[in-house]
Amino acid sequence: MGIYELKKSKSINVFGKTCPVKITSLDDNFLGLFYYDEFRIEISDKCPKDQFDEIFIHEAVHAVFNRSSLNQCAISHDAQEIICDQVAKFITENFKLTKK
């Protein structure tokens, strides 16, 4: 059992706010996206199962940035991408997660 089961979920809770999660067709350049203005996550329906956990967590960390106002701290988009990548990699390498 792992985060891939979130593929069945419709949303996650980020500091008390519901963040919709949608599996959908995305531009081939993206496996996942977080929409700041709409506070939602989209994961590509072409996302390989072995990458889903990391992609999902990466996008969830963007949601954490948004909810905690860290995105207002003048952290560049490139720096934020690196942080999201590293946190997602750390979590998937060290923990087996399941949805509550």
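Which residue in E2 does Ser11 stand opposite? Select Ser11 and look across: the residue is Pro20. Before going on, know that this is a predicted model, where local features need pLDDT of at least 70, side-chain atom pairs count only at pLDDT 80 or more, and totals for chains, interfaces and linings use all residues. Residues are numbered from 1 along each chain as its sequence is written, and side-chain values use heavy atoms, with hydrogens and water left out.

**Stop one: Ser11 and its strand**

Ser11 sits in strand E1, residues 11-14; helices (H or I, at least four residues) and strands (E, at least two) are DSSP runs, numbered from the N terminus. Show what touches Ser11 beyond four places in sequence, and you get Thr18, Cys19, Pro20, Val21 and Lys99, where contact means heavy atoms within 4.5 Å.

Ser11 has 26% relative accessibility, so it counts as partly exposed.

**Stop two: the hairpin and the sheet**

Asn13 has Thr18 as its bridge partner in E2. Two residues lie between the strands of this hairpin, and Phe15 there takes a positive phi near 50°.

Zoom out to see four strands forming an open, mixed sheet in the order E1-E2-E4-E3. E1 and strand E3 (32-35) are the edge strands, each pairing on one side only.

**Stop three: two helices**

Select helix H1 (residues 49-67) and helix H2 (residues 77-94): they pack at an angle of about 130°, with their axes 8 Å apart. Axes are lines fitted to C-alpha atoms, for helices over the stretch in contact, and angles run from 0 to 180 degrees between N-to-C directions. H1 and H2 are therefore oblique to each other; under 35 degrees counts as roughly parallel, over 145 as roughly antiparallel, 65 to 115 as roughly perpendicular and the rest as oblique. Among the residues making the contact are Ile57, Val61 and Phe65 of H1 and Ile83, Val87 and Ile91 of H2.

Notes: Buried means under 20% relative accessible area, exposed over 50%, partly exposed in between (1.4 Å probe, protein chains only). Two strands pair if DSSP finds at least two bridges between them.
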